[in-house]
Each structure stands twice: as C-alpha cells, then as structure tokens.
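Open the model in your viewer and keep the selection tool at hand. The tour goes from one stop to the next.

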Amino acid sequence: MNYRELATTLTTILTLRWSPVAVKLLKPGEEVPEHVYEPSVPLRHCQAITIARRGNSLYMPPRKHACPDGAAIMGLIPMSPKLRSGELYLLFKKLPTLACARKMIATRQEFAAGTYAATVLAPLEDAGFEPDVVIFTLYPEQLMWLCCAASYSTGERHAFHTSGYNSTCADLTVQVMKNQKMNISFGCYGARAISEISDFEAYVSVPFQELGTLADALAKLAAKSIPEARRKIYMPPVIDKVSVPGPASAGTVAIRIDADRCTGCGLCEAFCPEAVLQLVADGGQQKASAPAAEKCCACYTCAGQCPQKAIQLTVR
Ligand code: SF4
Ligand code: SF4
C-alpha cells in the first residue's frame, strides 16, 4: 500500500488540517525503522502525536516518554505504585474516590510492562514502517464521515469506548491495537493541557488494517454525499426567523416547479420520500408535477437534488 497516496486521499476527501499520524509500538529487539529520530527532549505520547502531525517522524524509547502513565499503559515501563493505586487521580481532583479511580483504571486497556520497547510515529505520508494504528486529529464533521465510511460496507453502528482519561495512550493506541476497532477520544486532562489540540478538535484512531477499506468507502461517499452535505443543499431559504412572532402558519407547503427549467430528469420523483412528485407528459415532454402536495413534509430533498434548481417550496 502506498502510504502517501492513502494519506492524500484521506486528507483531500476529509479536508484534514493535520496529517493522520501513523503509530507503531516496537517489540523488544525489533529493528528501529529508518528515518525516525529521537527528539531532543522527552515528550508525552499526545505531544509526540502533535509533533508528528506537523511533519516529524519520531523514535520514542522509554527515556523519551515524559508521561509515566502513558508509557506504562503502552507496556514500555512498569506502572508506578501511585498511578496504579489511583491516588494521583484524587490529588489532581479528577475523580472523587479511590473506588472510582480503581474502576476507571481497571476498565481501561493496557499492555503488560515490557511488552513493547518503544513507540514510533510519523505523518502517514512519510511512514517508513507499517503502523499499528493511524490517529486523526479532526473536527466533528470530519469524524462523522469517518464513522459513515466505517459503516459503509456493513451497516454496522459503532460502540466507542472512552473515558476522558488516558486519551491517546489507552483509548487511541492500546485499545485500538487490542480490539482492532476504530475508537474516538475527546482528549484527556494531559492531552488538552499540553498537546495543542484545539477546543474544537477530537481524535479518532483506526486500526491500520482497516484504513484502505475506509479510504475506499470515503471515496464513494465523496462522489455525492460529502459535497452535498457540505453545500447544505437541503437548507430552507430562511431559517433564522422561525421563532419570530408572525402570521400563524398552517404548515401547508406550496411547491412551485419552473416548467421552463425542468428537463424531466425524474430525480425529484425518485428522491421524494412522500411520493408527492410525479413526472407527467407536457407538450411532448416529461415534466415534474406535484399532484400530492398535501403530503409534502418540507424536507427540501427535491429542491436540493434538482440539478436545474427548478423547484421552490413555500411553507404557508
Ligand atoms: S429534478 Fe428538477 S429537472 Fe429533474 S424532473 Fe424534477 S424538477 Fe425537473
Ligand atoms: S420537500 Fe420533500 S416531501 Fe416535499 S415534495 Fe420535496 S422531496 Fe417530497
């Protein structure tokens, strides 16, 4: 698989601001990939992701992991007793009782200490190694399309598992490696405090093996659904005054079809969920008409789908 092409497809379709980040956990004794560099200062895993999404390829042995919690969760070092016991969560006032802290710790995913020896990260387009997971930093709308793409061939819904604690290490790396299922995270205390993720961004992590299928589904969605949704084609012409007192509306919809513009393509009839519209013969041509206008629910699908902009709705 050509990682650069894959990254370009994903970035272009989703209009990503940041490169998706390829993340791999190296086993003890596993060769360090070429073209990854040990940073000059220790970084948290979330910071390393931020730096990689900016175009840097990193080799992160335990000595370069600044967050002992994250490094232990990813199996690089033993967990310190104070982190394992949950005490620190109480000191930071992130959880109210040791019982809560222990439950949260017990239900997150971890690798046993010594399972891995280092992490490597790179922008997907530059990755010289096969990643375990690919982590996106994105906006909710972009995340929605990834969710759609992941459901595209199966129809399956997603059951995400996250907590607001140990975001990039537990929820985005370990969990996705273990379950081989896409997962989201809204960041955690550490990631929000120090990693430059904006208030409007979230994360999603995808098992690398799923990424090609996801990109294929995105390409299909990009043929119609994504551009139409982004153009907001179903918007009624005026929606900002609906709560202003005015003449009472009976809720009836007047459908005006401009016969001069209509080419009789039939898209409006095909898309109308209420069977309001119908093509009829008109002077030797097929033209759209609205014989069942009383059934119209004002969904604006016909107005949005008509390539000729021949349909206008008025709600009275
Ligand atoms: S979609 Fe537009 S052009 Fe096509 S039949 Fe309907 S009104 Fe006419
Ligand atoms: S607005 Fe919706 S329900 Fe009404 S005619 Fe158009 S597609 Fe049908």
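Start by selecting ligand 2. Of the 14 residues around ligand 2, the nearest are Cys 272, Val 276, Cys 296, Cys 299 and Cys 302; a residue is near if its C-beta atom, placed from the backbone, lies within 6 Å. That shell holds twelve nonpolar residues, one polar and one charged. Here Ala, Val, Leu, Ile, Met, Phe, Trp, Tyr, Cys and Pro are nonpolar, Asp, Glu, Lys and Arg charged, and the others, Gly among them, polar.

A word on the source: this is a predicted model, in which local features need pLDDT of at least 70, side-chain atom pairs count only at pLDDT 80 or more, and totals for chains, interfaces and linings use all residues. Residues are numbered from 1 along each chain as its sequence is written, while chains are lettered from A and ligands numbered from 1 in the order in which they are written.

Zoom out. Colour domain 1 (3-227) and domain 2 (236-315), with bounds from an automatic or database domain assignment. Their centres, over C-alpha atoms, lie 46 Å apart.

Next, select helix H7 (residues 140-152) and H10. Helices are DSSP runs (H or I, at least four residues), numbered from the N terminus. The axes, lines fitted to C-alpha atoms over the stretch in contact, are 8 Å apart at about 105°, on a scale from 0 to 180 degrees between N-to-C directions. So H7 is roughly perpendicular to H10 (65 to 115 degrees). The residues of this contact are ten nonpolar, no polar and one charged; residues are in contact if their C-beta atoms, placed from the backbone, lie within 7 Å.

Notes:
Helix = DSSP H or I, 4+ residues; strand = E, 2+ residues; numbered from the N terminus. Parallel < 35°, antiparallel > 145°, perpendicular 65-115°, else oblique.
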